[in-house]
Amino acid sequence: MTTAPPAPEADLAPRQSLAQGPLGITLLHIERARRGLAPWQSVHRRLAAVRPLIDGDDASLFLGAPAMTYVLHLAASASDRYARALHTLDDVVAAHTRRRLAAAHARIEQGRYASFAEYDLFRGLTGLGALLLRRRPDSDELKAVLEYLVRLTEPVAGPKGEPLPGWWVGHAPASNKSATPGGHANAGLAHGITGPLAILALAKRHGVTVTDHDTAMTRICRWLDRIRHSDHRGTRWPRWITETSHAPIQPTAPSWCYGTPGLARAQQLAAMALADADRKRMSERALLNCLADPSSLHQLTTRGLCHGVGGLLRTVQRVAEDAETPTAFTDRLPELRERFLALSPPKEPGFLEGAAGATLAFQGAEPGFEPATEWDGCLLLC
């Protein structure tokens with residue numbers, strides 16, 4: 001498989017999108033093939049159609065060469081399947097990561113704010129770190145990503161000299177440009193600082209650490225503690241903070257990407273890495289309170305992974321695996337499955353918001369079902 005800069009073809013990027021395109025859909029076919037429920041030829045055909053691979057500045061865990069590497073890694077498992085392609089792609093990803101790191105450190109040294117595209121899970125170095133942790137856990141590139149994430153947690157100076165979180169971005173969190181005047185610090189798992197928290201925790205659990213590793217995780221956790229809100233309905237966090245205010249902190253949709261589930265899982269992982277029993281109990285209790293709040297659950301109106309019931313289903317399963325009382329979570333799965341089935345099937349076939357991801361999440365929650373792959377590694381759930 002060859003790599004190339006983005007071509008002018010309008011459909012090149014969609015074909016190589018893990019979130020929406022054939023690469024993400026292939027994760028479902030790999031799961032089925034690994035379980036003997038579908039032929040490997042269907043996987044091969046889909047992968048062969050995705051080329052040339054994007055390896056420009058936009059390439060990430062969810063697009064282009066790194067995305068293909070992740071998919072092939074799941075397809076290969078412990079076999080020598082795709083060995084030659086993976087060897088080539090590993091080198092491509094390593095070189096790409098080094099370029100991205102150089103740009104990120106140059107930005108920090110110039111005193112400019114970060115951006116989602118630099119550090120987050122979908123487009124940035126957190127996602128590349130998640131890939132490297134699976135493919136090359138002993139590599140210099142993974143350690144360099146972790147060192148960068150440690151540096152990202154160090155405070156930066158605001159426009160009046162006031163300290164701001166190191167992951168402060170100057171842009172808005174979404175298409176609403178007026179949502180965060182002056183920039184913001186994002187808390188979500190997909191675009192915010194809990195993504196770096198999760199990969200730092202996962203790396204430590206795999207025995208990979210760098211200087212000030214624990215300090216960085218603790219710094220993030222303390223920031224999350226400062227913005228945390230608790231009342232009779234439970235514990236939750238704003239999606240982001242600005243220089244003057246927080247995003248609304250009333251109960252919102254319990255989504256994987258921005259809601260309590262993703263934040264709870266990231267903090268559970270960090271608590272285990274830091275041997276922090278109090279934080280572990282707090283994070284698990286936060287998710288249980290979320291699951292017991294019908295008004296919050298009713299805000300999930302799709303089956304998808306990112307913003308829907310599918311993401312909640314998978315997150316609950318992963319939290320249960322490490323929970324002090326696993327049945328407190330697994331007992332909730334039948335109700336969540338019913339809620340999932342009551343919603344309309346996704347109209348598009350993709351992974352993040354479509355049918356492929358929803359199916360993976362739903363079948364994983366079936367009694368006695370054990371997924372054949374860690375397909376949710378790209379969501380930082382494991």
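The largest pocket is lined by 18 residues, and Q317, E321, G364, F369 and E370 lie nearest its centre. A pocket here is an open set of points on a 1 Å grid over the protein atoms alone, with protein on both sides within 12 Å along at least five of seven lines; lining residues have an atom within 4 Å of a point. The model is predicted: local features need pLDDT of at least 70, side-chain atom pairs count only at pLDDT 80 or more, and totals for chains, interfaces and linings use all residues. Residues are numbered from 1 along each chain as its sequence is written, and side-chain values use heavy atoms, with hydrogens and water left out.

The volume of the largest pocket is about 310 Å³. A volume is the space filled by probe spheres set on the points, and points are joined across faces, edges and corners. Helix 14 and helix 16 (333-341) each give two or more residues to this lining. Helix 14 gives the largest share, five residues. Helices (H or I, at least four residues) and strands (E, at least two) are DSSP runs, numbered from the N terminus.

Now follow helix 14 (residues 309-322) to helix 17 (residues 355-364). Their axes lie 8 Å apart, at an angle of about 40°. Axes are lines fitted to C-alpha atoms, for helices over the stretch in contact, and angles run from 0 to 180 degrees between N-to-C directions. Helix 14 is therefore oblique to helix 17. Angles under 35 degrees count as roughly parallel, over 145 as roughly antiparallel, 65 to 115 as roughly perpendicular, and the rest as oblique. In this contact (heavy atoms within 4.5 Å), helix 14 uses G310, L313, R314 and Q317, while helix 17 uses A361, F362 and G364.

Helix 2 (residues 22-34) and helix 4 (residues 65-76) form another pair. Their axes come within 9 Å and cross at roughly 5°. That makes helix 2 roughly parallel to helix 4. Helix 2 makes the contact with residues including L23 and I30, and helix 4 with residues including M68 and L74.

Finally, look inside. The structure holds one cavity of 30 Å³ or more. A cavity is a set of points where a 1.4 Å probe fits but cannot get out. The largest cavity holds about 180 Å³ of space. Its lining has 21 residues, with T235, R236, P251, T252 and T260 nearest the centre. Strand 7 (234-236), helix 11 (260-274) and helix 12 (277-291) each supply at least two of the lining residues.
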